[in-house]
Amino acid sequence: MSFQLDSSFAPSGDQGQAIAKLLKSIEAGNKHQALLGVTGSGKTFSMANLIAEVNRPTLVISHNKTLAAQLHSELKRFFPNNAVEYYVSYFDYYQPEAYIARTDTYIEKDSAINDELDRLSLNAMSSLLSRRDVIVVASVSCIYGLAAPEDYRNLTLSIKEGDLMDRDIFLKKLVERLFERNDFDFQRGTFRVRGEVVEVYPAYSEGEIIRVEFFGDEIERVSLVDSKTGRVRERLSGYAFFPAKQYVSPPEKRTVAMQAIRKELADRVEWFEKNGKLLEAQRLKMRTDYDLELIGELGFCKGIENYSRHLAGRLPGSAPSTLLDFFPKDSLTLIDESHVAIPQIGGMFEGDKSRKTILVEHGFRLPSALDNRPLQFHEFMERQNQIVYASATPGPFELINCRADNKTYIPVKRAKRPGEEAPEGFRGILFQSPKEIRVSPSPSTQSVESFDPKKRTTPLIVEQIIRPTGLLEPKITIKPLAGQIDETIALCHERVAKHERVLATTLTKRTAEDLSDYLRGVGLRVAYIHSDVDAIERVEILRSLRAHRLDVLVGINLLREGLDLPEVSLVCILDADKEGFLRNETSLVQTAGRAARHVHGECVLFADVMTDSIKRLIELTDYRRGIQEAYNEKHGIKPTTVVRSEQSQLKLYGDEDGSDSLRVGEEPLAYEQDVKETIAQLEDEMRLASAHLEFERAAQLRDQIKELREQLT
């Protein structure tokens, strides 16, 4: 199978040379190469062309679920005939297990699994094991532990018409693969039996049931059935059932694993008792014995991932299996917005280790639970074949690993400081000497690779500055802090009158929520978006902005990298002179770039002090505007606003008649009707959360319902 790029456009502007250079670098065998593409230059289209040319299974990593959803939607349009999958954490809400020794407070693991995200994750795993034309768009959850690929593959149950198999043996094999029998509430990951007919609802299926009909000890017929209507869609010659859960192991491995867990338990209890920690010993024994009983009877228990090292038969301290192990050795990895994703990948391990060490020390978990962890950064890099970093503002890791000697790739001039060894014009964090560098995903910790120019053939950073649309970098305007709220309101009304959209960024969640309420009070349709808003809802809020059901979107740090909002013509950055993580050079460049897809793009910074970050933003903007203006004049190009179809949904909410209330590709419903349907959906979820005693979740849903009702009044 090969990738088939479906697009009516051909590469233009800087795209053609960028694709050619990156392809040449990959064919030369380089592990690291970077695409320095400004906002609106078509990095995703360049990446799609590169995937089609390289023609290998590809992992695309994004640093948050919202951007991953956007990338998935775009790549699915480019490759409609290939498998484009979505893999992120499948939790809507997740409270990890923890213990606070100072107050003797144990916090039990609490989570709410999103059924749709779980299905998409399982679909990604099964696609990787069954075909090569696969693109998986993933968040950093791809570095967390999974079942070993060989176990997942070995537990694949393949059947075909004419096979000799007793019906009860077939049912037993389904149970071993963690399918559950449920003749009444038939849903994903279950099966039901009606005489000699067995219907299985695969965990990764999107509304399709597999009906297996037996005649004695023979499989007589295999059919694909619509889950809503019960009609047979297609008669199949055979089918392969993949396991129903992400953590799975064969029965023979479970037996060995349980013996190993019991031995570790005995050793650990003995150690606690010798050291006078009787409470810890009793606690650990009770918890582990209960888990072992569940694993023995059901093959699964809550928190089974903490026993993953034993279930997989791994050595102590060894890295867990992850989604990366499902990819073949010749795969390609694209890291979008790498200046954020790389530090994020590097920072996962230590936080996880710190929390679990406390649990182990106080008898809540066995020491082997420490091996249920995300990959360390060097383990992540060891599993990569070739990587392409994509960012408008590459970080130090990318700049060092992809730098070619004596060439300038980011031409924003500034004087070199004493002791620096870098090409003239090199921007960003500069190091002392390439031979002494231990490259890290952040400027502080977690060393990874030594940079040795002699080991590189043609390390490469490819610039993609010229936009095919002719659009210039957004105009930068500085306004005083005094009266910034009133000025923001005036600017919003001005843009809304032109049917354009506005983004406003603040420094805190409280400020974002308060500003949203204030703007709503002056007649603007406003929503806020921050880390407390779940992944599906974030996507829907962004779709509402694009569909003109919202005028203004307020945020903190999520209105930055990669958000594709062509309707946005104005970005307001409040308190822009508060130098720090949210107002450093990278943050300002990325936030301002959200207006780079509109012909009237402008970024207004409210500041009384001209910080170094603001100066560099203006410097970089002027440089890039100059290049684009020269190109436009030479080729007679008139800048035009980007026109792009609305992003498809990740989750479709079903009506009572089984139809979808909002289908991909159809016109959105009226705003009021859409809000009413959302309220009804949230009310159902709130009642379900209350029934399961998840009162925090229910309270959050109640507040969302209240806010939506206020919008209707």
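Visitor: How many bridges join β24 to β25, and which way do these strands run?

Guide: Four bridges join them, and the two strands run parallel. Keep in mind that this is a predicted model. The general idea: strands of a sheet pair through backbone hydrogen bonds, either parallel or antiparallel. Now take one pair of residues. Val526 has Val552 of β25 as its bridge partner.

Visitor: Which strands make up the open sheet around β24 and β25, and in what order?

Guide: Six strands form it, in the order β22-β27-β26-β23-β25-β24. The pairing is parallel. At the edges are β22 (475-479) and β24 (526-529), each of which pairs on one side only. From one strand to the next, the twist averages 20°.

Visitor: Which helix packs on that sheet, and which strands does it touch?

Guide: Helix α16, residues 585-592, packs there. It touches β22, β23, β26 and β27 (602-606). The direction of α16 makes about 150° with that of β26. Helix α17 (residues 612-635) lies across β22 and β27. Its angle to β22 is about 155°.

Visitor: Let me look at β23. Is this strand largely enclosed or open?

Guide: Strand β23 covers residues 501-505, and five of the five are buried, so the strand is largely enclosed by the rest of the structure.

Visitor: Which way do the side chains of β23 point?

Guide: The rule comes before the case. In a regular strand the side chains alternate between the two faces of the sheet. Here Arg501, Leu503 and Thr505 point one way, while Val502 and Ala504 point the other way. All of them are buried.

Visitor: How many bridges tie β23 to β26 and to β25?

Guide: Five bridges join β23 to β26 (residues 568-573), and these strands run parallel. Leu503 pairs with Val571 of β26. Four bridges join β23 to β25 (residues 552-555), again in parallel. There, Val502 stands opposite Val552.

Visitor: Turn to the other sheet. What is the order of its seven strands?

Guide: The order is β3-β8-β2-β17-β18-β1-β21, in an open sheet with parallel pairing. Its edge strands are β3 (83-87) and β21 (460-464), and each pairs on one side only. The twist averages 20° from one strand to the next.

Visitor: At what angle do α2 and α3 cross, and how far apart are their axes?

Guide: Two packed helices are described by the angle between their axes and the distance between the axes. The axes of α2 and α3 (residues 65-78) come within 11 Å and cross at roughly 50°. That angle makes α2 oblique to α3. The crossing is right-handed.

Visitor: Which residues make the contact between α2 and α3?

Guide: On α2 they are Thr44, Phe45 and Ala48. On α3 they are Leu71, Glu74, Leu75 and Phe78. By class, the contact has five nonpolar residues, one polar and one charged.

Key:
Residues are numbered from 1 along each chain as its sequence is written. This is a predicted model: local features need pLDDT of at least 70, side-chain atom pairs count only at pLDDT 80 or more; totals for chains, interfaces and linings use all residues. Side-chain values use heavy atoms; hydrogens and water are left out. Two strands pair if DSSP finds at least two bridges between them. Axes are lines fitted to C-alpha atoms, for helices over the stretch in contact, and angles run from 0 to 180 degrees between N-to-C directions. Buried means under 20% relative accessible area, exposed over 50%, partly exposed in between (1.4 Å probe, protein chains only). Angles under 35 degrees count as roughly parallel, over 145 as roughly antiparallel, 65 to 115 as roughly perpendicular and the rest as oblique. A crossing is left-handed if the near helix is turned anticlockwise from the far one by less than a right angle, and right-handed if clockwise. Contact means heavy atoms within 4.5 Å. Ala, Val, Leu, Ile, Met, Phe, Trp, Tyr, Cys and Pro count as nonpolar, Asp, Glu, Lys and Arg as charged, and the others, Gly among them, as polar.
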